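Hi there,

Here is the structure I promised to pass on.

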Amino acid sequence: MAAVLEKLKIPPNYDVERVIKEDFDRLKGHYYLDHAAATLYSDSQIQAASAELQNSLLGNPHSRSCVSDAATRIVDSVRQRILDHFNTTADEYDVIFTSGATQALKIVAEHFNWHGSEETCTENGDINISKNNPEPTIQLENGHVSNSSVQEEVFDSHRKEKTHGAFVYAMENHTSVLGMRGPAAANGADVYCLQTEQLHHVLDKCKTFPSKTNLNHTDAREKDDSVRAPNGNRKKKRHCLFAYSAQCNFSGVKSPLVWIDKVQKGALDPVLKRQPLNKNNTYLPENTADDCIWYVVLDAAGFTATCPLDLSQWKPDFVPVSFYKIFGYPTGLGCLLVHQRAWIVLGKSYFGGGSVLMIDSRRIVAVPRPVLHEKFEDGTLAFLNIPAVRNGLDTIENHTGGMKNVQQHVFNLARYTHHSLRSFRHGNGAPVVEAYPKGAYWDVRTQGSIVNFSILKSDGTYVGYSQVEKFASLYNIHLRTGCLCNPGACQKYLNISEETLIQQFKAGHVCGDAHDLVEGLPTGSVRISFGYMNSYKDADQLLQMVKECFVEGNLIIDSSWIEVQPCLVEKESHHMRGQTESEKLEIVNRNEEHFDGDESTVRTMNGYLDSDVTNTPLQVENERNVTSAPPLKLTNIILYPVKSCSGISVREWSIGEEGLKYDRQWMIVTNSGATLTQKRLPIMSLIKPSIDMINGLLKLSFKGESIAVPLEPQDGSTRDASLCRGVVCGDRIRGHDCGPEVGNWLSRVLQQPDLKLMQQLNKRTGKLDSKGNGSLGESLSFANESQYLVIHRASVRKLLQDISEKGLAKLTEEELVSRFRANLVLDGGEPYEEDSWEELLLGKLRFKVQGGCNRCQMVGVIPETGERMKEPMITLAATRGSYMKFGIHAAAVSSVSIDETISVRSKVRVTSNADLM
């Protein structure tokens with residue numbers, strides 16, 4: 001029911017198109033769907049922040065000059081603006097500026113008093129010492145330093161027995177919350193992990209709290225003098241900390257804020273009778289139901305990005321916030337809001353500049369500042385960045401009318417996208433996506449701005465998130481993949497057991513990599529997340545990408561799960577971007593669907609074939625008609641002197657230790673050593689190198705401009721001052737900096753700052769496995785993986801035929817050959833027979849085949865224009881499996897003399913699997 005999905009396109013209460021036009025014009029042609037990671041800064045915020053700095057004279061707040069006072073006043077005003085934004089006051093909450101939510105959580109974990117309430121005092125009560133604060137501090141009396149003497153030797157004699165606290169956290173939490181387990185366990189706290197379903201079971205049914213009062217303020221039991229230890233002192237109270245996320249950054253599921261008050265009143269006391277994660281089976285928890293004081297950490301970093309948080313209604317003890325998630329700029333700035341009832345449980349042992357009233361360098365004595373934020377803001381604040389927080393909050397308010405409007409709009413976008421994806425069916429009726437969570441119920445109170453999913457093939461197997469990310473880049477869609485720094489949610493929704501997690505790690509998968517499938521099962525997923533400046537055009541672009549790249553057969557829209565009615569198939573717009581409410585959905589004929597992308601006649605294709613069952617070596621060799629296949633011959637030799645730039649075609653060329661002489665001996669790097677490639681900067685294809693052997697020069701040209709550098713480093717130019725660093729496939733490399741002149745030229749033509757042309761000096765060692773026989777240990781240039789990349793024209797023609805049959809693009813054979821950036825191009829034989837080759841002989845040279853080449857979005861770059869198109873990548877994925885293997889890697893294994901050459905006249909012979917059987 002297309003009409004059902006169309007009705008979900010609810011316009012926001014503010015003019016999104018005006019917001020985009022005025023503040024986000026740089027988004028033209030881009031579809032940014034990664035706001036949960038970092039939202040976009042607005043032009044008006046940057047302009048306001050810049051104007052304030054230009055019109056102000058601000059000094060370090062720790063000084064006493066008038067410019068320092070001005071900075072202090074601005075910082076204080078921003079602190080108050082933050083409190084206003086969360087609808088609270090300085091009487092209830094203090095704001096500690098941090099580098100972000102992670103540092104805020106770290107402060108709580110490292111400074112929380114895990115050892116319970118203790119009142120350690122000397123005879124006159126002048127010194128207060130606790131485990132959290134080993135630095136002796138002089139007690140203040142009415143804000144003034146006591147005149148009583150300080151005796152260091154009495155410190156240890158007044159310590160009490162330790163009472164171990166407890167740390168309880170929701171499984172579906174950010175890694176930064178899980179990191180709190182370390183300090184908690186190190187301080188003896190019992191650690192417990194509960195899934196959200198378990199928390200719902202415990203907390204949603206909890207109505208009464210025996211012997212506990214409202215703990216939004218100081219716990220009344222702390223004032224009860226009737227309970228005393230044998231030594232006559234008041235019995236210690238066990239400090240317990242519960243941490244959960246207001247909105248899961250993996251799934252977008254919101255957790256009830258009512259949990260805050262319930263936990264503070266002791267609703268989780270029964271959990272502490274269970275076995276902690278960090279204690280053995282013989283350990284018995286020491287608590288009773290009435291000796292615990294509960295505090296709550298509400299991780300609001302993701303929630304506050306698009307939702308209002310009213311701290312006058314909900315009163316968590318600790319609230320970490322990251323400002324770049326709310327309005328994009330500045331990064332590296334956040335805060336920790338601390339409720340006044342929790343001020344007493346944050347101890348401190350380190351004191352940085354500005355956080356003390358007095359400190360004695362001769363004795364271990366210090367007087368911390370009495371105000372909480374002054375005590376915890378060590379060193380100089382980011383006082384030039386803090387004003388931008390006020391500008392950011394003002395910008396959102398002016399554009400949207402407030403966070404309630406933002407919350408509703410991003411929810412509507414997410415619901416529309418989620419329901420559309422869940423309604424997509426392959427031609428055989430199988431679902432196209434698996435959404436997380438799998439439930440169909442969506443409400444603004446329980447779901448936020450996030451849609452998380454995996455793509456499924458028509459047979460129910462998974463498409464790896466890395467492949468989805470590659471296709472998204474072709475559509476200029478910016479999203480996030482992997483486990484998203486939320487291992488608990490990832491493991492829960494993807495059913496990754498403890499055993500499976502270890503197996504995936506042993507298979508080489510680590511956090512943040514592209515190893516998306518292990519034994520066919522996903523190691524992560526795809527997440528899109530919306531911000532206040534998104535529109536339905538962004539959602540439709542994603543849906544268009546999924547339809548064109550991953551739907552097998554004719555698309556079916558099944559919305560029966562949304563409304564109780566039979567599955568109906570209705571007409572779908574051929575182009576969802578910008579579609580109106582009146583347009584309908586239909587079963588899509590895959591040979592008729594077009595879109596106005598980079599190609600003029602692009603249509604979608606049919607499905608996937610697994611790389612492990614398609615074109616296997618044995619299968620290809622058995623099917624080849626050897627007698628009728630034309631003989632193999634070498635048709636092209638191509639070298640690419642500068643990595644990721646245009647190539648040079650030759651008929652004969654010298655062979656070096658790392659491959660073709662001068663092939664990928666140079667690369668373009670940033671001042672920090674990052675390597676530039678067409679993958680991120682496709683216009684690099686317009687840099688055309690040429691080699692002047694007579695004058696010993698490498699010449700580079702770009703749109704009529706040119707520059708030259710020596711082929712060999714000049715005498716004395718390899719000194720340290722002329723060296724630079726880069727990275728190729730994880731290898732850190734030192735090379736020769738070809739000088740500022742060519743660096744400035746590259747920066748200008750590529751419009752990228754601080755570029756350098758780096759020439760290889762040291763050797764790299766190849767790592768590719770040679771058909772199960774281990775690495776050959778060959779020397780490499782700046783090429784990613786191998787000395788030689790070989791493609792086969794018969795396979796190119798077969799791919800071209802597949803593209804033409806689907807009507808996906810108009811390409812010639814030579815255009816397609818140039819996309820694959822091969823060093824050696826062969827012709828003859830059968831399509832894809834190279835998959836079975838073991839060895840390749842070209843004249844006297846022998847090459848060992850090192851497996852197929854996994855392709856990325858670089859094959860979509862048009863060399864002549866530097867623009868991207870979606871082919872041949874779409875058809876490669878359909879015909880060659882998830883990793884889109886095309887061409888083979890090879891390494892020379894015969895000895896190479898100094899004058900050895902390779903020629904298109906070289907005789908070609910191959911050894912294949914079948915020949916070895």
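The buried residues of helix α22 are M873, I874, T875, L876, A877, A878, T879 and R880. That is eight of eight residues for this helix, which spans 873-880 and is mostly covered. Buried here means under 20% relative accessible area, exposed means over 50%, and partly exposed is in between, with a 1.4 Å probe and protein chains only. Helices (H or I, at least four residues) and strands (E, at least two) are DSSP runs, numbered from the N terminus. The cover over the buried residues of α22 includes α14 (465-474), α17 (536-550), α20 (793-806) and β42 (885-892). Just after α22 comes G881, with a positive phi of about 90°.

Before you go further, please keep in mind that this is a predicted model: local features need pLDDT of at least 70, side-chain atom pairs count only at pLDDT 80 or more, and totals for chains, interfaces and linings use all residues. Residues are numbered from 1 along each chain as its sequence is written, and side-chain values use heavy atoms, with hydrogens and water left out.

Now to the aromatic rings. A search of the whole structure finds 18 aromatic pairs, where rings of Phe, Tyr and Trp (its six-membered ring) pair if their centres lie within 6.5 Å; planes under 30 degrees apart count as stacked, over 60 as edge-to-face and the rest as tilted. One of them is W114 with F167: the ring centres are 5.9 Å apart and the planes stand at 85°, so this pair is edge-to-face. The pair links distant parts of the chain, 53 residues apart, with W114 in the loop between α5 (101-111) and β3 (127-130) and F167 in strand β7 (residues 166-170). Both W114 and F167 are buried. The rings of F242 and Y244, by contrast, are stacked, because their centres are 5.1 Å apart and their planes at 20°. F242 is buried at a relative accessible area of 0%, and Y244 is buried at 1%. There is also an aromatic cluster, formed by F112, W114, F167, Y169, Y295 and F318.

Two charged side chains sit over rings as well. The term applies if NZ of Lys or CZ of Arg is within 6 Å of the ring centre and within 35 degrees of the ring normal. The charged end of K348 is over the ring of F376, 5.7 Å from its centre, and that of R422 is over the ring of W561, 4.2 Å from its centre.

On to the strands, where two of them pair if DSSP finds at least two bridges between them. β13 (residues 356-360) and β14 (residues 365-368) run antiparallel and are joined by four bridges. They form a hairpin with four residues between them, and M358 has V367 in β14 as its bridge partner. Elsewhere, three strands make an open sheet in the order β28-β27-β43, with antiparallel pairing. β28 and β43 (901-903) are at the edges with a single partner strand each, so one side of each is left without a neighbour in the sheet. Three bridges join β27 (residues 652-656) to β43, and W653 stands opposite I902 in β43.

What does R664 contact, leaving aside its neighbours within four places in sequence? The list is Y640, P641, K643, Q760, S781, F782, A783, R821 and N823, where contact means heavy atoms within 4.5 Å. R664 is in the loop between β28 (659-660) and β29 (666-670), and R664 is buried, with a relative accessible area of 10%.

Last, some backbone details to look at. Most residues other than glycine have a negative phi, and most peptide bonds are trans. E519 is not a glycine, yet has a positive phi of about 55°; E519 is in the loop between β21 (517-518) and β22 (521-522) and is exposed at 74% relative accessibility. K703, also not a glycine, has a positive phi of about 50°. K703 lies in the loop between β31 (697-702) and β32 (705-710) and counts as exposed at 68%. Cis peptide bonds, with omega about 0°, join Y329 to P330 and Y436 to P437. P330 belongs to the loop between α10 (324-327) and β12 (334-339), while P437 belongs to the loop between β16 (433-436) and β17 (450-456).
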